[in-house]
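Look over the sequence and the fold, then read on.

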Amino acid sequence: MTEKLSDTARKTVLDPLLEAGWTLLEDRDAISKTYKFEDFTEAFGWMTRAAMWAEKWNHHPEWSNVYNRVEVTLTTHDVDGLSSLDAKLARKLDAL
Ligand SMILES: C[C@H](O)[C@H](O)[C@H]1CNC2=NC(N)=NC(=O)C2=N1
């Protein structure tokens, strides 16, 4: 069962992500990051790999792509806020 991150978990789990370039949205409990690639092929290739993980974990990003940029927002709709799944997916996206 997915749960919202507790206050202590937010510190340990979110702080490293914020240091890695993720930012907390002001208007809702979500994190976002913009990735920039060499070109569209690189961006879309990365999105394709990311999509496989999202599907595997049944946890899906909100994202948009323009040429070589991909803007990603992560939140857990089922709990209306951040959960450990968002952190897990964020770490995977950074690693891909
Ligand atoms: C029915 C389905 O399992 C749920 O809607 C899943 C799908 N992917 C999801 N993705 C995200 N980001 N948040 C969710 O709450 C979510 N829930």
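Over how many bridges do strand β2 and strand β4 pair, and in which sense? The pairing is antiparallel and runs over six bridges. This is a predicted model.

Four strands make an open sheet with antiparallel pairing. Their order is β1-β2-β4-β3. At the edges lie β1 and β3, each pairing on one side only. The residue ranges are these:

| Strand | Residues |
|---|---|
| β1 | 23-24 |
| β2 | 31-36 |
| β3 | 62-66 |
| β4 | 69-74 |

Helix α2, residues 40-56, packs on this sheet. It touches β3 and β4. The direction of α2 makes about 30° with that of β4.

**The helix pair**

Two packed helices are described by the angle and the distance between their axes. Here the pair is α1 (residues 7-19) and α3 (residues 84-95). Their axes come within 10 Å and cross at roughly 30°. The crossing of α1 past α3 is left-handed.

Which residues meet there? From α1 come Val13, Leu14 and Leu17. From α3 come Ser84, Ala87 and Ala90. By class, this contact has five nonpolar residues, one polar and no charged.

**The ligand**

Around the ligand sit Asn58, His59, His60, Thr76, His77 and Asp78. How does this shell divide by class? Five of its residues are polar and one is charged, with no nonpolar residue.

Notes:
Residues are numbered from 1 along each chain as its sequence is written. This is a predicted model: local features need pLDDT of at least 70, side-chain atom pairs count only at pLDDT 80 or more; totals for chains, interfaces and linings use all residues. A residue is near a molecule or strand if its C-beta atom, placed from the backbone, lies within 6 Å of it. Ala, Val, Leu, Ile, Met, Phe, Trp, Tyr, Cys and Pro count as nonpolar, Asp, Glu, Lys and Arg as charged, and the others, Gly among them, as polar. Two strands pair if DSSP finds at least two bridges between them. Helices (H or I, at least four residues) and strands (E, at least two) are DSSP runs, numbered from the N terminus. Two residues are in contact if their C-beta atoms, placed from the backbone, lie within 7 Å. Axes are lines fitted to C-alpha atoms, for helices over the stretch in contact, and angles run from 0 to 180 degrees between N-to-C directions. A crossing is left-handed if the near helix is turned anticlockwise from the far one by less than a right angle, and right-handed if clockwise.
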